[in-house]
Amino acid sequence: MIRRIYERLLKSRIRKSSLPGCVAVVLGSADLSGNGLSRLCQLLDWSRSIGLSALILYVSDDQPGLCPLLQGLLASYPAWISLHTAEDMVRTGTGGSLKVDISLGYGGKREVVEAFRSILREVEEGRIEDSQIDEKTIEAHLRFCQKPDLVIRAGGKRLSDFMIWQAAYSELYFTDVNWPAMRKIDFLRAIRDCQSRERRFGR
């Protein structure tokens, strides 16, 4: 009872006018085993309940069978959902106001390397000049185009290399709570904390 009252209080203090445009959540390799899968579905519910428009999740390991498992689990979920592996990207969900990207073992270092390889191919083919390569060129060749306003690391004090380009100026939030035990209260606290900060964007 007290927890639900506190949830309502936290939710009432979150300003709809200044919600993060995109929130990224970084998980460990074993976080989607056991209760972790149901927590993932709850996170999507929490995000929709406060009106988030974009959510990105990163799992550091692509466990065998995890992608098709998630594709089936989220097939009827009311959101636009993309599942990314190193080799492929598949879509699931039924559409809605929330856009979700879930990266399974596809880290930021690999993403940047592949972006540069793609740019070099275009230079070799004469489609662009090397003098034209700038930040916008690189960003256009990254798989994930979003720049998260907030990156949440569940149950850890270290970030992964996920979105190392896009998250350069993101606000970082570390929880002491491990992912399978994460509650809506913990998620709302992260959002509220982000809204209380003065973002400097590297300045």
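## Overall size and surface

The protein has 203 residues, and because a compact globule of that length would have a radius of gyration near 17 Å, the value of 18 Å found here agrees with that expectation; the radius is taken over C-alpha atoms, and the globule rule is 2.2 Å times the number of residues to the power 0.38. This is a predicted model, in which local features need pLDDT of at least 70 and side-chain atom pairs count only at pLDDT 80 or more, while totals for chains, interfaces and linings use all residues. Residues are numbered from 1 along each chain as its sequence is written, and side-chain values use heavy atoms, with hydrogens and water left out.

Taken along the principal axes, the C-alpha atoms fill a box of roughly 65 × 45 × 30 Å. The protein exposes about 10900 Å², of which carbon and sulfur atoms supply 50%, the areas coming from the Shrake-Rupley method with a 1.4 Å probe. Of the 203 residues, 45% count as buried, where buried means under 20% relative accessible area, exposed means over 50%, and partly exposed lies in between.

## Helices and strands

The protein contains six helices and seven strands, which follow the pattern α-β-α-β-α-β-β-β-α-α-β-β-α when read along the sequence. Helices (H or I, at least four residues) and strands (E, at least two) are DSSP runs, numbered from the N terminus.

The seven strands form an open sheet with mixed pairing, in the order β4-β3-β5-β2-β1-β6-β7; two strands pair if DSSP finds at least two bridges between them. Its edge strands, β4 (89–92) and β7 (171–174), each pair on one side only. Neighbouring strands of the sheet are turned by 20° against each other on average, direction ignored. Within the sheet, β2 (residues 54–59) and β5 (residues 99–104) run parallel and are joined by six bridges, and the bridge partner of Leu-55 in β5 is Val-100.

Helix α6 (residues 184–196) lies across β1 (23–27), β6 (150–153) and β7, running at about 145° to β6; axes are lines fitted to C-alpha atoms, for helices over the stretch in contact, and angles run from 0 to 180 degrees between N-to-C directions. Contact means heavy atoms within 4.5 Å, and among contacts between residues at least 6 apart in sequence, 63% join residues at least 24 apart.

Glu-7 belongs to helix α1 (residues 2–12) and is buried, with a relative accessible area of 18%. Leaving aside neighbours within four places in sequence, Glu-7 is in contact with Lys-184, Ile-185 and Leu-188.

## Aromatic pairs

The structure holds four aromatic pairs. Rings of Phe, Tyr and Trp (its six-membered ring) pair if their centres lie within 6.5 Å, and planes under 30 degrees apart count as stacked, over 60 as edge-to-face and the rest as tilted. The rings of Trp-46 and Phe-187 have centres 6.0 Å apart and planes at 35°, so this pair is tilted. Trp-46 sits in helix α2 (residues 36–50) and Phe-187 in helix α6, so that the pair links parts of the chain 141 residues apart. Trp-46 is buried at 9% relative accessible area, and Phe-187 is buried at 0%.

Tyr-106 and Phe-144 form another tilted pair, with 6.3 Å from centre to centre and 50° between the planes. Because Tyr-106 lies in the loop between β5 and α4 (108–124) and Phe-144 in the loop between α5 (135–140) and β6, the pair ties together parts that are 38 residues apart in sequence. Tyr-106 is buried at 2% relative accessibility, as is Phe-144 at 1%. Ring pairs link Tyr-106 and Phe-144 with Tyr-58 and Phe-162 into a cluster.

Technical notes: Buried < 20%, exposed > 50% of the residue type's maximum accessible area, 1.4 Å probe, protein only.
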